[in-house]
Amino acid sequence: MKIRRVELREVHLRLRERFEISSGGWQERRILLLRMEDEEGEAWSECVAAEAPNYSYETPDTAWHILTDYVLPAVMGVEFESPSAVLDPVSWIRGHPMALATVEMGAWALEAVRRRTSLSSLLGGGRMAVPVGVSVGLQGTDDELLRQVEKHLAAGYRKIKVKIKPGRDVDMLRKVRDRFPEAPLMADANSSYSLADTTRLKELDDLHLMMVEQPLGSEDLREHALLQASIETPICLDESIRSAGDTLLALELGSGRIINIKPGRVGGFASSREIHDLCAGRGVPVWCGGMLESGVGRAYNLALASLSNFSLPGDISESRRYWKEDVVEPEFVMDQGFMAVPQAPGIGVEVRVDRVEKLTRRRWTHAM
Ligand code: OSB
Ligand code: MG
């Protein structure tokens with residue numbers, strides 16, 4: 001396989017509703033879309049970096065820089081055997097997993113196109129549909145949160161994740177639990193607590209949450225282990241997990257009992273599969289996280305979530321939960337809490353190039 005032409009674009013897409021986490025919020029998304037061509041076909045992929053360096057240090061601008069100045073010029077025209085080898089020429093780059101994953105995941109899609117198979121099958125995923133959940137941002141009032149949760153439960157979502165931060169946690173969640181006693185609820189703190197909050201976090205145990213996601217800092221594996229030893233609610237790690245090595249360390253330390261895999265955060269599909277397999281071997285469930293992706297990134301997440309140990313519903317919501325109009329056809333929809341995994345070759349959905357063209361703010365192309 002050899003990449004002959006690439007086109008990187010920045011597109012702006014407005015979220016239908018502002019999305020707020022403990023460290024900041026989103027309304028206008030700046031999304032990088034990459035189109036790569038090899039001898040046999042083309043594939044689109046998405047960079048999941050957030051607009052501000054609040055989730056990780058990467059942003060669309062750092063990714064643009066890393067991709068156009070280093071990664072894309074180095075990988076073009078180089079013959080490679082398998083998708084995971086596409087990044088070999090830039091194995092010297094430190095960090096920047098989301099920028100790198102854009103190319104690595106696109107190479108998996110090119111390989112799927114070449115073999116006329118779905119991304120899901122190429123990855124070894126067996127499931128045709130997967131259960132999905134929804135992530136609810138911090139709301140202005142508890143009543144608004146209750147309305148949101150009610151709406152998403154009625155729509156059939158199999159997991160409702162509620163963002164929390166100090167001051168908007170136990171009391172708020174207790175209202176949700178009292179109103180919806182049986183709902184599959186979890187909380188995500190995005191690293192906004194410290195070990196000094198252990199007493200507060202222990203109060204979550206009464207609420208029967210599926211898990212609490214990333215309560216402490218991304219570097220705090222030791223502290224997460226101490227916290228997990230003090231609370232019953234399973235801890236799920238998100239920001240802390242950048243690789244299979246991190247996962248092994250976290251599981252050995254007892255820092256958590258569930259792993260959120262976002263392929264962008266861990267540098268791509270090869271790393272995602274390693275983490276999946278490692279967890280499967282230890283009986284640790286994983287699920288696929290989200291980064292408010294457009295339909296392009298969503299197709300990749302769904303393909304990954306079709307692997308067997310993605311046993312909990314992912315943060316993979318319907319297109320219309322995010323956008324008035326998505327950039328792919330057909331849009332992603334849910335049926336009784338399940339989303340169909342695209343079975344057509346490659347990413348399995350069509351990119352609406354006319355619409356992408358209208359949303360494009362800058363473009364960089366390179367051909368051999
Ligand atoms: O922590 O999972 C997170 C969105 C942006 C940054 C971090 C997170 C999220 C979400 C959204 O929770 C999940 C989705 O894409 O629906
Ligand atoms: Mg999270």
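Tutor: We will go through the domains and then their interface. Keep in mind that this model is predicted.

Student: Which domains does the assignment give?

Tutor: Domain 1 covers 5–116 + 350–367, and domain 2 covers 122–340. Their centres, taken over C-alpha atoms, are 23 Å apart.

Student: How many residues are in contact between domain 1 and domain 2?

Tutor: On the domain 1 side, 37 residues touch 43 residues of domain 2.

Student: What is often used to give the size of an interface?

Tutor: It is often given as the accessible area lost when the parts come together. Here, domain 1 and domain 2 bury about 3500 Å² between them. Carbon and sulfur atoms give 65% of that area. In domain 1, Tyr55, Trp108 and Arg352 lose the most area to domain 2. Together they make up 20% of what that side buries.

Student: How many salt bridges and polar contacts cross the interface?

Tutor: The rule finds 4 salt bridges across the interface. It also finds 21 residue pairs in polar contact there.

Student: Which elements supply the side of domain 1 that touches domain 2?

Tutor: Several elements each supply at least two residues, including β1 (5–21), β2 (24–37) and α12 (353–359). The most comes from α2, with 10 residues.

Student: How does that side of domain 1 divide by class?

Tutor: It has 21 nonpolar, 4 polar and 12 charged residues.

Student: Where do the side chains of Lys151 and Glu17 meet?

Tutor: They meet in a salt bridge, at 3.6 Å from N to O.

Methods
Residues numbered from 1 in each chain as written. Chains lettered and ligands numbered in written order. Predicted model: local features only at pLDDT ≥ 70, side-chain atom pairs only at ≥ 80, totals over all residues. Heavy atoms only, no water. Domains from an automatic or database assignment. Contact = heavy atoms within 4.5 Å. Buried area = accessible area lost by both parts, 1.4 Å probe. Polar contact = N/O pair within 3.5 Å; in protein donor to acceptor, adjacent residues only side chain to side chain. Helix = DSSP H or I, 4+ residues; strand = E, 2+ residues; numbered from the N terminus. Nonpolar A, V, L, I, M, F, W, Y, C, P; charged D, E, K, R; others polar.
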